[in-house]
Amino acid sequence: MFDNFPLWPARAAAGAGNVDALYIFLVALSGFMCVAIFTMILVFATQYRRRRGVEAEQIEGSSALEITWSIIPLGIFMVIFLWGAIIYFHERTPPRGASEVYVVAKQWMWKLQHQEGQREINELHVPVGRDVKLIMTSQDVIHSFYVPAFRIKQDVLPGRYTTAWFRATKPGIYHLFCSQYCGTMHSGMIGQVVVMEPSQYQAWLSGGGTTGSLAASGESLFQQLGCTTCHRADTQGRGPNLAGIFGKPVQLEDGRTVVADENYIRESILSPSAKIVSGFKPIMPVFQGLVGEEQLNALVAYVKSLSPAPSGAAGATSTAPAGTKSQNP
Amino acid sequence: MATAAVTAEREHYLNKEYGIRSWLLTTDHKRIALLYLISITFFFFVGGFFALLIRLELLTPAGDLVQADTYNKLFTMHGQVMIFFFLIPSIPAVLGNFLVPLMIGAKDLAFPRINLLSWYLYIIAGAIYVHCILTGGVDTGWTFYTPFSTAFSNTKVIEAGIAIFIAGFSSILTGLNFVVTIHRMRAPGMTWSRLPLFIWAHYATSIIQLLGTPVLAITLLLVVFERAFNLGIFDPTRGGDPLLFQHLFWFYSHPAVYIMILPAMAVESEIVACFTRKRIFGYNFVAMSSIAIAVFGFLVWAHHMFVAGISLYSALIFSILSYLVAVPSAIKVFNWTATMYRGSISFTTPMLYAFGFIGLFTMGGLTGLFLACLGIDVHVHDTYFVIAHFHYIMVGGAVMGYLGGMHFWWPKISGRMYPEGWGRLAALLVFVGFNLTFFPQFILGYMGMPRRYWQYPPEFQVLNVLSTAGSTILAVGYVLPMIYFLWSMRYGKIAEDNPWGAAGLEWKTSSPPPTFNFEEEPEVTWEAYNYEEIAAPAEVPVER
């Protein structure tokens with residue numbers, strides 16, 4: 001109806017309906033409060049407008065009223081808080097086995113790479129119904145990955161990974177905006193998310209030329225950079241065996257324990273001496289400035305793909321959930 | 001009239017001395033208030049001019065009126081000028097400066113020379129900022145986010161940072177002066193529980209200025225040093241953290257919202273009491289809610305960072321704390337509304353602004369509930385929803401309060417009445433123009449239009465056109481008062497000492513007041529807002 005004058009954003013992801021429901025609740029609540037307060041003011045202003053010979057009646061106040069109109073709003077606020085917190089918690093917790101897309105933001109474009117290896121610029125193709133986790137970083141300033149139709153937004157920072165996830169529900173083409181001011185062409189740092197039926201998506205996936213999965217290119221990079229010299233697949237290496245470490249707690253030399261997530265692996269490559277694994281020496285060279293963001297993503301994807309079991313076929317599929325069909329071509 | 005002739009000859013703060021020296025070297029808080037009035041009005045129109053250019057650019061989806069870089073400078077300098085050079089000093093440095101000593105029965109502020117110093121710091125800061133504008137400007141967004149501001153922007157970040165750093169000290173000195181004055185200079189009998197609510201709110205404001213502004217100063221200094229000497233504090237490739245900047249910046253800049261809105265609440269209480277002819281309903285609760293806002297306001301800064309990459313659990317904490325700070329604001333709105341019950345209400349220009357304030361502040365406050373809500377904020381953060389929300393608070397709230405206050409105390413400040421009919425017309429234009437400008441932006445925001453966009457997808461155009469149309473009405477509403485205030489200084493009806501029949505010590509001295517405010521030190525034996533003891537003027541002066 002309102003082709004040139006839409007008043008509501010498209011809704012194309014799981015969870016977007018929950019955000020809308022809460023929003024409508026808040027609009028209704030605010031509308032009710034506005035009408036209530038404005039009606040009271042209007043009634044008082046007409047009823048008690050200044051008249052000759054009629055004095056104002058001095059009323060000191062009422063503690064009972066004050067407590068009432070403090071406690072009731074506070075109660076309502078807590079309901080809003082909880083409802084919003086539940087949605088946020090869901091938004092911030094990517095489901096296990098989501099397929100991964102690495103995002104590198106720079107002034108003023110989005111570079112994306114699927115775990116299957118496909119690269120895209122300012123465009124992201126995804127199938128309906130699949131959980132997609134975005135692992136994002138920036139090459140320069142802070143950007144923000146915003147897809148209004150999915151109701152998701154996450155700042156993308158230099159020097160670390162931030163993540164977001166979604167499950168698209170409706171085929172279509174949707175806006176991708178950078179929503180954190182990032183310089184001259186901030187408003188030009190836009191793209192689109194193309195949501196496709198799974199069959200079309202498979203066709204798209206096999207259409208583009210690719211050199212193999214992200215993890216596979218990470219593996220060859222891992223060998224090129226000589227990482228294999230120390231990070232061996234047994235316990236004899238001068239560096240820790242990386243098989244199966246992802247997502248597991250790691251005991252550090254200084255007594256702390258950290259979980260080996262994407263940011264930990266990233267840091268261990270760029271500035272290895274920041275967190276030394278217990279029992280090892282700080283002998284690894286610093287890779288800060290030697291590997292670019294996209295190479296780093298491949299390395300991280302490779303390390304994640306290493307399973308502790310016989311790891312002959314190190315590949316992207318190892319992070320896919322049991323039961324999903326392999327996306328390897 | 002006989003009184004008029006007498007008033008014309010009487011010595012008061014305006015005619016005691018003439019000449020530029022008598023103004024630039026004055027230590028009279030009332031004259032310094034006027035110096036501030038002139039300076040902030042200048043910056044208000046500079047910032048307003050930037051705003052109009054922004055709205056004109058957004059009339060069409062394509063970036064066509066100005067270059068992208070120019071647009072980025074326009075919204076940056078609009079924000080910085082309006083916040084640091086207009087809103088923060090507006091009510092405190094003009095009306096607060098003029099009224100705090102008068103309201104508590106003091107001869108002047110505790111430190112008159114420091115008061116003058118604060119104005120000079122403001123002027124130095126303003127001059128540096130104007131130089132920055134004229135020689136290229138700055139494009140970081142008013143928020144100076146790193147690492148863009150420290151390592152990527154090619155504009156005059158250091159100059160802008162230094163200007164705002166200095167302006168901050170002007171604000172600190174004003175706050176310091178108010179705190180000491182309110183503690184030490186109250187007239188005999190003016191106990192804490194007899195203080196006008198204007199004073200309570202300014203006291204709360206001053207505490208924020210004193211405790212918050214130094215953090216802004218440190219933060220800006222770090223940005224300046226990082227840019228000048230490449231320190232690496234916010235640079236992740238050298239172990240720095242860009243998010244640290246956001247924490248430091250919002251630790252001041254969220255409470256700064258209360259520096260802007262608390263004084264408007266201060267004005268609101270005085271106007272509502274006067275034109276309902278009643279003591280404010282729930283005096284203690286309104287007074288304490290100001291203090292509560294000042295305290296809680298320091299604990300909510302990270303609600304600006306829900307999508308910035310902070311931990312899930314800290315986001316939960318900051319969301320719940322943000323709801324706590326909403327309670328005292330709600331208390332105030334309910335109490336002003338309740339004050340009108342069984343009052344004797346007249347619809348003068350200040351009261352129209354007061355009505356407008358309640359309406360717009362209520363909407364601004366309610367939409368704040370959306371933003372404090374984690375599930376909603378993720379979608380609307382950094383969109384026009386946020387723009388609309390904070391303009392409802394800062395323009396709908398703070399500027400309405402400022403204009404209402406200027407009309408209410410204009411007779412005291414200038415000794416003249418402003419033209420009431422024009423005043424009401426301007427108040428109406430401001431209200432209508434404001435809503436037309438900013439209401440469509442709530443819808444734009446939920447639809448997903450990001451802020452700081454020079455060009456935008458065509459489906460957002462209709463709402464942007466409405467917004468731009470509104471801004472022109474708003475502009476007329478703002479220019480009108482400036483014209484008739486100036487006109488009234490010469491042609492306005494001579495004001496009586498207490499034309500509104502208002503309670504409050506400032507109305508017990510002459511209009512305009514003598515240099516030392518009172519002919520003899522007042523002794524207070526009554527409670528605040530003793531409207532039952534003050535005869536209402538037979539008719540509120542109306543000039544048509």
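# A chat about chain A

Reader: Which residue stands opposite A:Trp165 in E8(A)?

Author: In this predicted model, the residue that stands opposite A:Trp165 of E8(A) is A:Lys133.

Reader: And how do strand E5 and E8(A) pair, parallel or antiparallel?

Author: Strand E5 of chain A, which covers residues 131-138, pairs with E8(A) in the antiparallel sense, and the pairing runs over six bridges.

Reader: What is the order of the strands in that sheet?

Author: The sheet is an open one of five strands, with mixed pairing, and in chain A the order is E3-E2-E1-E5-E8. Strand E3 (119-121) and strand E8 (162-167) of chain A each have a single partner strand, so one side of each has no neighbour in the sheet. On average, and with direction ignored, neighbouring strands of this sheet are turned by 25 degrees against each other.

Reader: Which helix lies across E1, E2 and E5 of chain A?

Author: That is helix H6 of chain A, residues 293-305, which lies across strand E1 (99-106), strand E2 (109-114) and E5, and which runs at about 160 degrees to E1(A).

Reader: How is chain A divided into domains?

Author: Domain 1 takes in 10-44 + 64-210, while domain 2 takes in 214-319. The C-alpha centres of these two domains of chain A lie 31 Å apart.

Reader: How many residues are in contact between the two?

Author: In chain A, 13 residues of domain 1 are in contact with 11 residues of domain 2. On the domain 1 side, the elements that give two or more residues are E1, E2 and E5 of chain A, and E1(A) gives the most, with three residues. That side of domain 1 divides into four nonpolar, five polar and four charged residues.

Reader: Changing topic, is chain A spread out or compact overall?

Author: Chain A has six helices and 12 strands. Its radius of gyration is 27 Å, well over the 20 Å that the globule rule gives for 329 residues, so chain A is more spread out than a compact globule. Along the principal axes, the C-alpha atoms of chain A fill a box of roughly 100 × 55 × 45 Å, and buried residues make up 36% of the 329 residues.

Reader: What about chain B, how many residues of chain A are in contact with it?

Author: There are 73 residues of chain A in contact with 74 residues of chain B. On the side of chain A that touches chain B, H2(A) gives the most, with 15 residues, and by class that side has 43 nonpolar, 18 polar and 12 charged residues.

Conventions
Residues are numbered from 1 along each chain as its sequence is written. Chains are lettered from A and ligands numbered from 1 in the order in which they are written. This is a predicted model: local features need pLDDT of at least 70, side-chain atom pairs count only at pLDDT 80 or more; totals for chains, interfaces and linings use all residues. Helices (H or I, at least four residues) and strands (E, at least two) are DSSP runs, numbered from the N terminus. The radius of gyration is taken over C-alpha atoms; the globule rule is 2.2 Å times the number of residues to the power 0.38. A residue is buried if 20 or more other C-beta atoms lie within 10 Å of its own, exposed if 12 or fewer, and partly exposed in between; C-beta atoms are placed from the backbone. Two residues are in contact if their C-beta atoms, placed from the backbone, lie within 7 Å. Ala, Val, Leu, Ile, Met, Phe, Trp, Tyr, Cys and Pro count as nonpolar, Asp, Glu, Lys and Arg as charged, and the others, Gly among them, as polar. Two strands pair if DSSP finds at least two bridges between them. Axes are lines fitted to C-alpha atoms, for helices over the stretch in contact, and angles run from 0 to 180 degrees between N-to-C directions. Domain bounds come from an automatic or database domain assignment.
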